[in-house]
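Student: I would like a close look at one part of this chain, the nonpolar core and what surrounds it. Could you walk me through it slowly?

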Amino acid sequence: MFNEEGTKKLLQLIVSWQQVFNNSPEKFELSTEFIAEDGVFYKEKVEKQVLLSKLSNLENLCREALEREMLLVHFGI
């Protein structure tokens, strides 16, 4: 659960990620998980515009929560 302070920090992170990914190639891979026992990084193929759209939606949700003085609740990533 994100209170006002947590939502503000999340918003700052999202804005920073948007700046990073604005400069990325149109398609790229991200490491999504590390399995220590296997020593393996799992990778996921990502389309820049899809990721930026999702980040924009999340940014809007954070801004709305702050404006309405609401909490953000998440159930994991």
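Tutor: Happy to! Let's start with charge: the chain carries 9 positive and 13 negative side chains, and the centres of the two sets lie 5 Å apart. Here Lys and Arg count as positive and Asp and Glu as negative, while His and the chain ends are not counted; each charge is placed at NZ of Lys, CZ of Arg, CG of Asp or CD of Glu.

A word on the background. This is a predicted model, in which local features need pLDDT of at least 70 and side-chain atom pairs count only at pLDDT 80 or more, whereas totals for chains, interfaces and linings use all residues. Residues are numbered from 1 along each chain as its sequence is written, and side-chain values use heavy atoms, with hydrogens and water left out.

Now the layout. Along the sequence the pattern is α-β-β-α, from 2 helices and 2 strands (DSSP runs numbered from the N terminus: helices are H or I with at least four residues, strands E with at least two). Of the 77 residues, 25% count as buried, where buried means under 20% relative accessible area, exposed over 50%, and partly exposed in between, using a 1.4 Å probe and protein chains only.

Here is the part you asked about. The largest nonpolar core has 12 residues in all, among them Leu10, Leu11, Phe21, Phe28, Leu55 and Cys62. Such a core is a set of buried Ala, Val, Leu, Ile, Met, Phe, Trp, Tyr and Cys residues joined through side-chain atoms within 4.5 Å. Helix 1 (4-22) and helix 2 each supply at least two residues of this core, and helix 2 gives the most, with 5 residues. In soluble globular proteins, nonpolar side chains tend to be buried together.

Let's zoom in on Leu11, a member of the core. Leaving out residues up to four places away in sequence, Leu11 touches Glu59, Cys62, Arg63 and Leu66 (contact means heavy atoms within 4.5 Å). Gln18 is found in helix 1, and Gln18 counts as buried because its relative accessible area is 12%.

Finally, look at Glu69, in the segment after helix 2 (48-67). Glu69 counts as exposed because its relative accessibility is 74%. Its phi is near 55°, a positive value in a residue other than glycine. Most residues other than glycine have a negative phi.
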